[in-house]
Protein chains: 2
Amino acid sequence: MTTTELNRSGTLYGIGVGPGDPELITLKAHRIIHCVPVVSYLANADGYSLARDIARESLGSGEQTQVEVPVTMLMCKDRAIANRAYDSAADSIRSYLDQGMNVAFLCEGDPLLFGSFAYILDRLENSYTVEVVPGITSISAAASAAGRAFGRLAENITILSGRHGDERILEVLISTENVAIMKPGVQRPRILRLLQEAGRLQDACYLEHVSQSEQKIVHDVSTLEIEPGPYFSIFLVTPVHTKVNRWGD
Amino acid sequence: MTTTELNRSGTLYGIGVGPGDPELITLKAHRIIHCVPVVSYLANADGYSLARDIARESLGSGEQTQVEVPVTMLMCKDRAIANRAYDSAADSIRSYLDQGMNVAFLCEGDPLLFGSFAYILDRLENSYTVEVVPGITSISAAASAAGRAFGRLAENITILSGRHGDERILEVLISTENVAIMKPGVQRPRILRLLQEAGRLQDACYLEHVSQSEQKIVHDVSTLEIEPGPYFSIFLVTPVHTKVNRWGD
């Protein structure tokens with residue numbers, strides 16, 4: 001698009017609203033969410049949106065009506081269904097941007113670190129001015145809640161999904177000082193077994209619903225029930241008892 | 001300490017002030033920095049503190065005098081010198097906590113993700129009530145500034161220091177989809193060579209002074225001068241052109 005056309009269009013903001021506590025929104029995100037004419041976010045089949053819920057105290061105060069554009073996203077592994085939802089979301093957002101209205105797309109945590117904004121960005125970045133506002137990740141919030149250093153000096157950090165195969169998770173647990181295993185959920189029993197196999201059970205802590213009212217912290221994961229846990233959970237592994245340094249540098 | 005003794009002491013806050021833009025401070029950090037009676041931070045030999053500079057607009061407005069406790073930290077690799085500075089900082093902070101005054105220790109980025117608060121926490125966590133407020137990391141801010149997804153679906157992320165040996169950096173670049181190489185600084189020529197060796201030059205972007213007024217983004221790192229860069233810099237490597245999946249899961 002030419003500059004003139006860009007100037008006529010609205011700006012798309014990708015906004016990280018942080019891990020759950022409405023006070024963990026940045027001043028910049030708060031300002032933008034408060035004043036944009038259009039706010040969009042993912043919502044589940046019941047219409048509930050965690051991102052909107054986190055941002056509830058930042059939304060426009062009502063002097064000017066703020067349009068809300070929920071994007072229904074079903075929890076399923078079929079990427080074709082997810083991609084159709086993102087296509088449809090991009091179309092809705094485009095219709096507001098083309099009218100010169102600024103749109104804020106809200107994401108839990110950070111918009112681009114495993115964030116859903118990546119898929120909106122893929123579809124709109126070549127046609128519109130986009131600004132991304134980073135958010136507090138659940139990883140930082142978990143380290144803060146547990147009071148554990150997650151990375152010192154020349155240590156490494158690896159962040160991985162609890163959905164990986166045994167080999168990959170073990171490899172990472174054995175070779176990396178600091179490991180975050182995101183959203184273990186139903187994989188919790190398997191992750192506990194892998195932590196034991198890697199000799200890192202004592203280095204791990206486990207958190208659910210970080211920074212939210214129902215937050216739970218388990219400092220000794222050997223006391224954790226060997227059964228599935230909720231989706232919004234995380235294992236943090238830090239070198240409390242184990243010296244990990246395969247490379248010796 | 002008993003609960004009674006804890007109640008008499010002040011609370012120690014470890015506060016992340018984010019990567020540089022004063023607007024990337026969270027609402028919670030802003031509130032605490034504004035109202036605590038004592039603020040502490042690391043400063044260089046000239047008395048300059050980046051953390052204090054980032055938080056300048058959040059500091060107390062003057063109705064009540066806010067005590068500032070700078071901790072001089074020389075840039076050197078001798079951990080004994082750093083440890084003596086942290087010992088001395090902990091002693092100063094302790095003297096205010098023991099008078100029942102709350103103290104906020106400010107850190108650039110996040111307080112516990114490669115943050116200096118870890119070393120203050122080590123020294124004081126067993127004696128005082130501590131609350132940690134996470135901050136926006138330079139990694140999230142760099143992904144936002146570059147407009148690049150840093151982690152999608154089942155991908156992994158590794159965060160490592162530019163000070164590591166060649167073998168470790170190469171191993172990570174070859175096996176991990178998303179890699180942040182923190183503070184390459186004088187190691188920049190070596191990192192560029194390793195990116196080329198790993199076949200990931202096209203996947204990399206390079207940023208200096210993220211979110212600050214002198215921010216610089218280089219999307220095509222093959223255009224980057226093969227010479228040392230500033231300390232506050234970062235390489236972000238994301239799977240733009242390369243499919244990395246050694247484990248096949």
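Two strands pair if DSSP finds at least two bridges between them. Strands (E, at least two residues) and helices (H or I, at least four) are DSSP runs numbered from the N terminus. The model shown is predicted; local features need pLDDT of at least 70, side-chain atom pairs count only at pLDDT 80 or more, and totals for chains, interfaces and linings use all residues. Residues are numbered from 1 along each chain as its sequence is written, and chains are lettered from A and ligands numbered from 1 in the order in which they are written.

**Figure 1. Strand β4 of chain B and its partners.** Strand β1 (residues 12-16) of chain B pairs with β4(B) in the parallel sense over 5 bridges, and B:Tyr13 has B:Ala104 as its bridge partner in β4(B). Of the 5 residues of β4(B) (residues 103-107), 5 are buried, so the strand is largely enclosed by the rest of the structure. A residue counts as buried if 20 or more other C-beta atoms lie within 10 Å of its own, as exposed if 12 or fewer do, and as partly exposed in between, with C-beta atoms placed from the backbone. In a regular strand the side chains alternate between the two faces of the sheet. B:Val103, B:Phe105 and B:Cys107 point one way from β4(B), and B:Ala104 and B:Leu106 point the other way.

**Figure 2. The largest nonpolar core.** This core has 146 residues, of which A:Ile15, A:Phe105, A:Leu236, B:Ile15, B:Phe105 and B:Leu236 touch the most other members. A nonpolar core is a set of buried Ala, Val, Leu, Ile, Met, Phe, Trp, Tyr and Cys residues joined through C-beta atoms within 7 Å. Beyond its neighbours within four places in sequence, B:Leu236 is in contact with residues including B:Ala142, B:Arg148, B:Phe150, B:Ala180 and B:Cys205. Contact between two residues requires C-beta atoms, placed from the backbone, within 7 Å.

**Figure 3. Surroundings of B:Pro184.** B:Pro184 sits in the loop between β7 (178-182) and α8 (188-197) of chain B. B:Pro184 is buried, with 23 other C-beta atoms within 10 Å. Leaving aside neighbours within four places in sequence, the contacts of B:Pro184 are B:Gly162, B:Ile191, B:Gly229, B:Ser233 and B:Phe235.

**Figure 4. Contact between chains A and B.** Chain A gives 45 residues to the contact and chain B gives 45 residues. Elements giving two or more residues on the side of chain A include α2 (27-35), α5 (117-124) and α7 (166-175), while the largest share, 5 residues, comes from β6(A). The residues on this side of chain A divide into 23 nonpolar, 12 polar and 10 charged. Ala, Val, Leu, Ile, Met, Phe, Trp, Tyr, Cys and Pro count as nonpolar, Asp, Glu, Lys and Arg as charged, and the others, Gly among them, as polar. β6(A) pairs with strand β6 (residues 157-161) of chain B in the antiparallel sense over 3 bridges, with B:Thr158 as the bridge partner of A:Thr158.

**Figure 5. Relation of the two copies.** Chain A is superposed on chain B by a rotation of 180° with 0.0 Å of shift along its axis (RMSD 0.0 Å). The two copies are thus related as by a two-fold rotation axis. The superposition is by least squares on the C-alpha atoms of residues with pLDDT of at least 70 in both copies.
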